[in-house]
Amino acid sequence: MASDIAVIGSGYVGTVVASSLAHLGNQVTVVETNLEKLVELRSGRSPIYEPGLEELLKAGIVSSRLTFTSDLAQAIRQSSVTFICVGTPRGPDGRSDMSAMRDVAQGIGEALDAYHVVVTKSTVPVGTSGWVRSIIEDALKPESRSRDLFDMVSNPEFLREGNAVIDFLQPDRVVLGSEEERALDLLTEIYRPIIENRVPGYTRMAPDVPLLRTRLATAELAKYASNAFLTVKISFANEMARLCDFVGADVMEVTKAMGLDVRIGPHFLSAGIGWGGSCFGKDVASLMATAQDYGYRAHLLEASVAINEVQRSLVFDRLLSELKTLSGRRVLVLGLAFKPGTDDIRDSSALEVARRLVRGGAIVTAHDPMVSDLPEDDAIRLVGDPLALDQPIDAVVLATEWPEYKNLDLVALRRQCRGDIFFDGRNAMVPAQVAAAGFRYLGVGRPDEQASVGSLPAHSLPTVVARATGTVRATHLDVPA
Ligand code: UGA
């Protein structure tokens with residue numbers, strides 16, 4: 001059953017939600033107040049890079065199932081369901097800035113004249129749907145106040161950047177929260193093709209998608225709990241990596257052993273320079289603030305954030321200890337995006353690592369396959385080719401595990417270096433291959449002897465010697481055929 005749907009906000013979540021809902025056959029009106037963005041969208045250009053998104057956007061426009069307007073009231077009146085997808089950025093006190101949400105709620109209340117389901121899709125603090133309901137009620141026209149005009153639903157999104165369309169159309173679960181069965185029934189119908197795994201072009205060999213119908217507050221908290229737990233999992237792996245450094249264990253094998261236990265699972269256990277992105281930090285801060293509101297201190301969340309902070313200093317500390325001073329040292333940072341597959345540098349650990357090196361006096365050159373702009377006052381120099389540097393480098397740091405770095409010509413990279421350190425901040429490289437190119441391989445929670453000949457294919461064995469220093473060096477690059 002197709003529905004008439006309004007989607008408010010054409011940011012990351014809104015564009016994916018609107019294009020995907022149109023793909024399911026619904027009539028979708030996107031409300032966007034930024035007129036430049038509106039022009040772009042109408043011409044089929046996505047405001048963000050996301051695999052598969054522009055195709056859905058264009059198809060929606062061609063089929064006329066996807067239209068765009070700046071007129072909120074009109075969009076509300078011609079639809080029965082509204083998904084609120086506006087931004088809730090982190091405010092200075094760690095809490096989410098809810099001003100856009102307030103304005104939209106006000107606008108919805110003023111426009112409502114027939115039964116409507118209002119869905120909060122943006123990630124919002126627990127209790128927000130109740131707050132939105134009050135604003136809408138207050139804004140209703142006097143003659144509408146006595147009527148049972150709308151219901152609230154919380155439908156958290158679990159989209160990962162770089163995978164958002166698939167995550168929407170083939171999710172692990174759909175969570176719907178409301179105190180009203182009729183509203184849950186309406187949303188269940190909208191999600192039915194997804195739940196029953198019959199989305200054109202997006203079916204998979206898998207059972208039906210689990211649907212969780214629950215209370216408003218439960219749905220709101222489920223979103224935060226999921227993101228927070230993922231940060232805890234990563235921070236746990238990072239803490240184990242620290243212990244691995246002390247005891248000489250390999251965190252990759254430790255987490256592999258852990259992940260083989262089905263109760264733990266293998267995902268989000270990759271140790272590295274820390275988690276980042278626009279969601280994790282903001283959501284954990286918001287959840288801690290909610291806990292604080294009730295007089296509760298969220299110790300585990302605090303620990304997750306604290307470990308992440310320590311992890312972001314790992315590169316700085318290690319390079320300082322290896323190079324003795326960072327002043328005037330030239331460091332090449334490979335990767336600035338908060339994870340591979342995106343140009344997003346918001347709260348990126350990679351960028352933070354580079355900035356800490358700059359603050360320590362290092363001269364930082366950085367390369368990223370997709371990041372081409374940094375704020376003007378950033379002292380980091382961006383280069384288009386990490387193999388065409390005009391100055392010799394003291395240390396290389398891999399900060400974002402882009403697949404292309406795994407195939408980088410390490411010998412050519414080594415030739416540009418006057419120092420031999422290669423810090424693999426994501427444990428993404430084969431240590432022995434890095435060592436074979438003449439680098440001293442440093443990983444996160446990996447013993448130095450990881451760079452042993454044992455993990456190299458036989459035809460590319462270098463002569464690896466000298467463990468006296470506690471590190472492994474390739475003495476020359478002669479590779480027997
Ligand atoms: C995250 C969640 O994974 C989504 O489910 C959620 O919907 C989204 O936030 C959101 O709230 O909108 P995303 O921010 O796209 O998605 O990024 P992730 O893929 O989760 O990665 C987050 C960070 O964790 C990255 O910096 C990544 O490098 C780091 N990470 C991830 C690790 O350090 N180790 C790991 O094992 C996995």
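**Ground rules.** I am working with a predicted model, where local features need pLDDT of at least 70 and side-chain atom pairs count only at pLDDT 80 or more, while totals for chains, interfaces and linings use all residues. Residues are numbered from 1 along each chain as its sequence is written, and side-chain values use heavy atoms, with hydrogens and water left out.

**Terms.** On a 1 Å grid over the protein atoms alone, a cavity is a set of points where a 1.4 Å probe fits but cannot get out, and a pocket is an open set with protein on both sides within 12 Å along at least five of seven lines; lining residues have an atom within 4 Å of a point. Points are joined across faces, edges and corners, and a volume is the space filled by probe spheres set on them.

**Second largest pocket.** I looked up its volume and found about 720 Å³. Its lining has 34 residues, and Tyr12, Val13, Ser278, Cys279 and Arg346 lie nearest the centre. Two or more lining residues come from each of α1 (12–23) and α11 (280–293). I noted that α11 gives the most, with 3 residues. Helices here are DSSP runs (H or I, at least four residues), numbered from the N terminus.

**Cavity.** How many cavities of 30 Å³ or more does a search of the whole structure find? I got 1. The largest cavity has a volume of about 50 Å³. Among its lining residues I spotted Thr120, Lys121, Ser154 and Glu220. Helix α9 (residues 216–247) gives the most to this lining, with 3 residues.
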